[in-house]
Amino acid sequence: MNSILLELKPFLDTLILSFSAVLNLEFTIISANPTRRIAGTGIYKKALNQKDWNNTYTDYVIKTKKNLTVLRPEKIYPKIIDGCTGSYYSIILEPIMLEDLVYGVLVIASFDEKQQNFLINNKEKLINYLKHISSLITAKIIETELKNKITIYNKNLEEILNYLNEGILLFEKDKIITNSIANSILYINEMDIYNDLIKKIKFEVENCLKIKKDINTKIIKYYNNLSFVLFLELKYLDENKVLVLLNTLDKIQEQNFSNSEFDNSLKAIVTQDPEMLNLKKNIQAISNNDSNILIQGETGTGKELFARAIHFSSYRKNNPFISINCASIPETLLESELFGYESGAFTGASKSGKVGKIVLANNGTLFLDEIGDMPLYLQAKLLRVLNDSYVEPIGSEKSIKVNIRIISATNKNLSEMIKNNEFRSDLYFRLNVIPINIPPLKNRKKDIQLLINYFIDKYNKKFEKNVTGIDLNTLDILSNYSWPGNVRELENTIEYVMNFKEKGIIKSEDLPNKHFNINFIELQNPKMELDTYNKSLTFKDNVKLYEKTIIEQEIQKYPSPLSRDNLLKICHKLNISPATLYRKIK
Ligand SMILES: Nc1ncnc2c1ncn2[C@@H]1O[C@H](COP(=O)(O)OP(=O)(O)OP(=O)(O)O)[C@@H](O)[C@H]1O
C-alpha cells in the first residue's frame, strides 16, 4: 500500500540529491511496506534493492514511529554497503508519516570524518531539517493520493457513463470526459470532424457557464456531404462544470414519440363519415410513396392529424416529422426557421448558427401548415429546395443535401391565389401531387355525435370524471350548430363542459352560453292573439306586440334553448337579421 513512495521516486531522487549537495551528507529513503531502499545518494546508491531489514535502525523507526539519532554506532547496518569502513558512520532517521501510518524512513548519514564532524556538530539543526523534508514528502504523498483518487474517480465515472445509453460529455475547466457513445457520435477517429464539433459544443458550454442556466440547442455534423443534427442538452452543474447530453435525431424521435401525447396512427382520426373513411383508406395507399401532398380544409378539420397519420404510416416513420406554421411566424423569421443560418449570418443571429426545419426534417416529413401564408420570395426559395434537394442556410457557402417529403396544408383557395399572383403556380404543382380535401364538420353530421362521445371519453380519463353521455336535446343543439372552428371547436366545447361537470349526462345548460343558449331572449308579457287588437295600447305598440308574437310563435316551434342554426332559420323565414330579431322581442 505504501508503494506510493515508489511512484514518487523521481521526485525523491531530486530532493535528496539537492539536499545532499548542499549539506555534503548522504541521504537515503526506505519505504516501509514493503521495506525497500528506494532512493539514495553516494554510497547508498549501490544498495538500492537491499531486502533484509531485520534488526536495523530503520526497522526500529518503522516499528516505533519515532525518529532516532545514532552517532558512531558499534555495529554497522546494513552491512552490505560496500566501501563503508564504519568508523565514521553516524545516522539520523526520521519516519515519513501520514496520520498514524509510516510510509517510509528518511535517513541522513556520514561516511567520512568531515561528514561525521558536521553531522555531530549540527545534530539538532539536521534533525529539524529532516523533519521538514519528511513533511515535504508527506505533502507530496497527500497530493499524489488525491490525484490517484481523482483518476480512479474519473475512471469509474467513465465506466458508469459508458453504461448509459446516451452520449455524455462532462466539461470541467479545460478537461472533457466523454463516454463511448459520445465519442462515436462525435466521430472521435475523424479528428477534423471531432475537433469541429467539440469547438461548437464548447461554445455552447461557455454560454451555459455565462448565463448559469441549462440550455437545449442543436449543432450540425457534416460528414461525406451529409448533415446530421445533434441535439445538446447542457446542464449547468456549477461555475466550472457543465454536463452535456448528446443525442441524435433518431433518439429524440424515439423518446418523443414513444411516450408522446399524440396518437399518430390512423386510428386517431375518429370518423364514420363515408368521405372521411375513404380518405383514411387512401392514406394507406399513398403513405409509402414520396409524392408531396397538399391537404385542404377549413381550420380545425384535422389537417395536421392527417399529415401525422401519413408520416407515421410511411417508411419514414422512424425519422423526423417536423411541422411549421407559416402563418404564425413573422415573415422575417420564417426564412431562418425554414432554412437555418450560419453563425453570424446577420446582425442579431446566434453565434452558434441555427439549424433550419428543412434540415431537421431530413429523411422524414416536413409539414408546412398554412402554406398559403408563405411570402412569394420564400416560395421561390422552397421551390429550389424541391427541385435540387439541397438547402443553403442563410450566410452559408455550404449546401446541405436533404431528402424530405413535403405535406402542406391550407384553408385558403390556392387556385384563386395563383390567379391573383399571390401563390406561385410552379410551387403549387410541386406541392399538390396528391390533393386531399377534408370536409368541414358541418357536412359530416354523423361525426358530431361520434366525436362528442370520443371527447367525453378523452376528458373523463384526463380529468378523472364520470360523465356518461349527452341528452338528445343537447345533441340536437350541437348537431345543428355550424362549427366554424370544426373539430377543434367541438373539442374545446366538450373540454369546457367537462371542466365543470363531474358526472351524469351533459345537458343544454352545461353548454357554454356564448354559442348555444339564447335564454336572454325573454319573452315578456303582454302577449296578444294575432287577431286581437289591444285598445289600451297605441297603434305603434300594437304593431310591436304583433311582431313579437309572430317571432315568439316561430321560436316555440324549436327545442329550447334555441340553437344558433334554428335562430338563423327563423331569421331566414321572417327575412330579418338576428339583430332585428333581438330588437323586436326586447
Ligand atoms: N377526426 C378527428 N378525430 C379526432 N380528433 C380530431 C379529428 N379532427 C381533428 N381533431 C382534433 O382537432 C384538433 C385540430 O386538428 P388539426 O390541428 O389537425 O386541424 P388543422 O386542420 O390542422 O387546423 P389548422 O388549420 O387550424 O391548423 C386537434 O386537437 C385534433 O386532434
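User: Before we start, how should I read the numbering and the model?

Analyst: Residues are numbered from 1 along each chain as its sequence is written. The model is predicted, so local features need pLDDT of at least 70 and side-chain atom pairs count only at pLDDT 80 or more, while totals for chains, interfaces and linings use all residues.

User: At what angle do α16 and α18 pack?

Analyst: Axes are lines fitted to C-alpha atoms, for helices over the stretch in contact, and angles run from 0 to 180 degrees between N-to-C directions. Here α16 and α18 pack at about 45°, with axes 9 Å apart. That makes the pair oblique; under 35 degrees is roughly parallel, over 145 roughly antiparallel, 65 to 115 roughly perpendicular, and the rest oblique.

User: Which residues of α16 and α18 meet?

Analyst: Contact means C-beta atoms, placed from the backbone, within 7 Å. Among them are I448, I452 and F455 in α16 and V487, L490 and I494 in α18. The residues of this contact divide into 11 nonpolar, no polar and 2 charged.

User: And how do α16 and α17 cross?

Analyst: The axes of α16 (residues 445-463) and α17 (residues 472-480) come within 9 Å and cross at roughly 125°. The contact includes I448 and I452 of α16, and L475 and L478 of α17.

User: What surrounds the ligand?

Analyst: A residue is near a molecule if its C-beta atom, placed from the backbone, lies within 6 Å of it. In this model 17 residues surround the ligand, the closest being V270, G302, K303, E304 and V487. α10 (303-313) and α18 (486-500) each give two or more residues to that shell.

Note on methods
Helices (H or I, at least four residues) and strands (E, at least two) are DSSP runs, numbered from the N terminus. Two residues are in contact if their C-beta atoms, placed from the backbone, lie within 7 Å. Ala, Val, Leu, Ile, Met, Phe, Trp, Tyr, Cys and Pro count as nonpolar, Asp, Glu, Lys and Arg as charged, and the others, Gly among them, as polar.
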